[in-house]
Amino acid sequence: MTAWPLTTLITLLMVLLLLGTGMLVARARGRYGIEAPAVTGHPLFERAYRIQMNTLENTVLTLPLLWLAAAWGQDRWAALAGAVWLLGRLWYVKAYLDNPARRGPAFGLALLASATLGLQAAWGVLHTLLG
């Protein structure tokens, strides 16, 4: 039995999201004839590429915060914030594909979830150090 089953599940879903954004780029490369290593070309390819890169960048920030929040807090609360992050990122993908100008609220939701994870982790560490 693992100590953090919900956080583990959220981590696996994050990996699936990264795989999905990678497949989005691969499909756009084929559809619009953009050969690697090019990262510019058709505007819809560039959207898919930016979605992938921005999601990767955000995952690098959020994944350690997720695990720190779980380790220094509670699995269920860390997983809940991680699930909100995932929903925000999925919304971001859809919004960016539909109209890049409307991606802001989705980005903000995911960023808020990341900040919540950071606060959870900091609270747990400080509580232990000062407690």
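Among contacts in the protein chain between residues at least 6 apart in sequence, what percentage join residues at least 24 apart? The share is 69%, where contact means heavy atoms within 4.5 Å.

The legends below describe a predicted model, in which local features need pLDDT of at least 70, side-chain atom pairs count only at pLDDT 80 or more, and totals for chains, interfaces and linings use all residues. Residues are numbered from 1 along each chain as its sequence is written, and side-chain values use heavy atoms, with hydrogens and water left out.

**View 1. The whole protein chain.** The chain has four helices and zero strands, in the order α-α-α-α from the N terminus. Helices (H or I, at least four residues) and strands (E, at least two) are DSSP runs, numbered from the N terminus. The C-alpha trace spans about 60 × 30 × 20 Å along its principal axes. Of the 131 residues, 35% are buried; buried means under 20% relative accessible area, exposed over 50%, and partly exposed in between (1.4 Å probe, protein chains only).

**View 2. Helix 3 against helix 4.** The axes of helix 3 (residues 75–98) and helix 4 (residues 104–130) come within 7 Å and cross at roughly 160°. Axes are lines fitted to C-alpha atoms, for helices over the stretch in contact, and angles run from 0 to 180 degrees between N-to-C directions. The two helices are therefore roughly antiparallel to each other; angles under 35 degrees count as roughly parallel, over 145 as roughly antiparallel, 65 to 115 as roughly perpendicular and the rest as oblique. Helix 3 passes helix 4 in a left-handed crossing, meaning that the near helix is turned anticlockwise from the far one by less than a right angle (clockwise would be right-handed). Residues making the contact include Trp77, Trp85 and Trp91 of helix 3 and Phe107, Leu109 and Leu117 of helix 4. By class, this contact has 14 nonpolar, five polar and one charged residues. Ala, Val, Leu, Ile, Met, Phe, Trp, Tyr, Cys and Pro count as nonpolar, Asp, Glu, Lys and Arg as charged, and the others, Gly among them, as polar.

**View 3. Helix 2 against helix 4.** Helix 2 and helix 4 pack at an angle of about 30°, with their axes 8 Å apart. That angle makes helix 2 roughly parallel to helix 4, and their crossing is left-handed. Among the residues that meet are Asn54, Asn58 and Trp72 in helix 2 and Ser114, Gln120 and Thr128 in helix 4. This contact divides into 10 nonpolar, eight polar and no charged residues.

**View 4. The buried residues of helix 4.** Ala106, Ala110, Ala113, Ser114, Leu117, Gln120, Ala121 and Gly124 are buried in helix 4. The buried residues of this helix pack against helix 2 (43–72) and helix 3.

**View 5. Two residues of helix 2.** Thr59 is placed in helix 2 and counts as buried at 6% relative accessibility. Not counting residues up to four places away in sequence, Thr59 touches Leu18, Pro64 and Trp85. Trp67 also lies in helix 2, but counts as partly exposed at 28% relative accessibility. Leaving aside neighbours within four places in sequence, Trp67 is in contact with Trp4, Thr7, Thr8 and Thr11. The C-alpha atoms of Trp67 and Thr8 are separated by 8.9 Å, and the two residues are 59 residues apart along the chain.

**View 6. A cis peptide bond.** Pro37 is found in the loop between helix 1 (5–32) and helix 2. The peptide bond from Ala36 to Pro37 is cis, with omega near 15°.
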